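This report is for a reader new to the structure shown below. Please look at the sequence and the model before reading on.

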Amino acid sequence: ALPDLDSSAQLSDAELWAQWSSHAQCETQFPSRIAARISAFRCVLLVQALRPDRTLSAPHRFVTEALQVRSIEPASLNLKNLVSEETGPAVPVLLITTPGTDPTRDLEELATRVVGPARYRQIAMGQGQAGAATAAIEQAMARGEWVCLKNLHLVTPWLPELEKRISQAASATGGAEAAGEADATVGQMQGGTPVHPDFRLFLTTEPHDHFSTILLQQCLKITYEAPPGIKKNLQRSYETWSDEFIASGSPLRARMLFVVAWLHAILQERRTYIPQAWTKFYEFGSSDLRSAADIVEARVAS
């Protein structure tokens, strides 16, 4: 496919390539006269052919240089900033979950700090929960509460009703903003239900082939998954813990929490290689991290 690559790269010159082939980060150490003669993409091909252990790092470097960005890894999700800067009473947040992740505990802790536990309600959707969910949304709209509806993929036939509620909230919010209202309620939904400016609606679902496209268009969509790489995973763990939680206690407690976060990151990365070296599949997720942190808390306190 690339007949001139061998001659352009002078691959027959063993002395020229000896140091490159043994370098720990060979994708950054191409001989200067070779790098000037071949394209960056051909450098990636050489790494893939001669140093397959660096196949992941070389394309990453190629993409970041081509796009002139520092990193192509997504930033860690910060729910607090998301809620304060990108959402509103008429813009629900749809959290699309993956195996081993559960955003509801993080959301519950955020709601406790921002609006208080009495103004947050969480409902696991399933058979017979549609009425309770509708009533919770109407109450939250009137009182400025937060509602989280979990596992919407289990109740896809009910989603048109949810779409209707969201559309009504959007209409009421838009009308109130146009009128310049600044009182405790944003507007009036059809039927007289007030929409409070502090109202927030959160939804969680697993990927589903028949999920409502209209609802997807109405929501701010967030894919909630384990961050790629140990460093990003550690950052996510420390972002879920408040500064007060980390600072309280002894230095021993802080070191043990780091060990727990490190183990969590290692295990989540290791899931990529299942089933090698594993006896069975296990979703070591955020709930396990919290349980481990609670055990550390209890042991240090005792």
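This is a predicted model: local features need pLDDT of at least 70, side-chain atom pairs count only at pLDDT 80 or more; totals for chains, interfaces and linings use all residues.

Five strands form an open sheet in the order 2-3-6-1-7, and their pairing is parallel. Strand 2 (120–124) and strand 7 (220–224) are the edge strands, each pairing on one side only. From one strand to the next, the twist averages 20°.

Two helices that lie across strands of the sheet can be described here. Helix 6 (residues 79–86) lies across strand 1 (93–97), strand 3, strand 6 (200–205) and strand 7, and it runs at about 175° to strand 7. Helix 8 (residues 130–143) lies across strand 2, strand 3 and strand 6, running at about 165° to strand 2.

## Strand 3 and its neighbours

Strand 3 (residues 146–150) pairs with strand 2 in the parallel sense, over five bridges. Within this pairing, Q122 has C148 as its bridge partner, and I123 has L149. Strand 2, helix 8 and strand 3 together make a right-handed β-α-β unit.

Strand 3 is also joined to strand 6, by four bridges, and these two strands run parallel. Here C148 stands opposite F202 of strand 6.

## Burial in strand 3

How many residues of strand 3 are buried? Five of its five residues are, and the strand is mostly covered. In a regular strand, side chains alternate between the two faces of the sheet. In strand 3, W146, C148 and K150 point one way, while V147 and L149 point the other way. The residues on both sides are buried, K150 among them.

## Aromatic pairs

A search of the whole structure finds eight aromatic pairs. One of them is formed by W146 and F202, which are tilted, with 5.4 Å centre to centre and 55° between the planes. Because W146 lies in strand 3 and F202 in strand 6, this pair ties together parts that are 56 residues apart in sequence. Both W146 and F202 are buried.

The rings of W241 and F245 form a tilted pair, because their planes are at 50°, and their centres are 5.8 Å apart. Elsewhere, W17, W20 and F30 form one aromatic cluster.

Which residues other than glycine have a positive phi near 60°? Q68 has such a value, and so does N151.

Q68 is placed in the loop between helix 5 (57–67) and helix 6. Its relative accessibility is 73%, so Q68 counts as exposed. N151 lies in the loop between strand 3 and helix 9 (159–179). N151 has a relative accessible area of 25% and is partly exposed.

Conventions:
Residues are numbered from 1 along each chain as its sequence is written. Side-chain values use heavy atoms; hydrogens and water are left out. Two strands pair if DSSP finds at least two bridges between them. Axes are lines fitted to C-alpha atoms, for helices over the stretch in contact, and angles run from 0 to 180 degrees between N-to-C directions. Contact means heavy atoms within 4.5 Å. Rings of Phe, Tyr and Trp (its six-membered ring) pair if their centres lie within 6.5 Å; planes under 30 degrees apart count as stacked, over 60 as edge-to-face and the rest as tilted. Buried means under 20% relative accessible area, exposed over 50%, partly exposed in between (1.4 Å probe, protein chains only). A crossover is right-handed if, with the strands pointing away from the viewer, the path from the first strand over the helix to the second runs clockwise.
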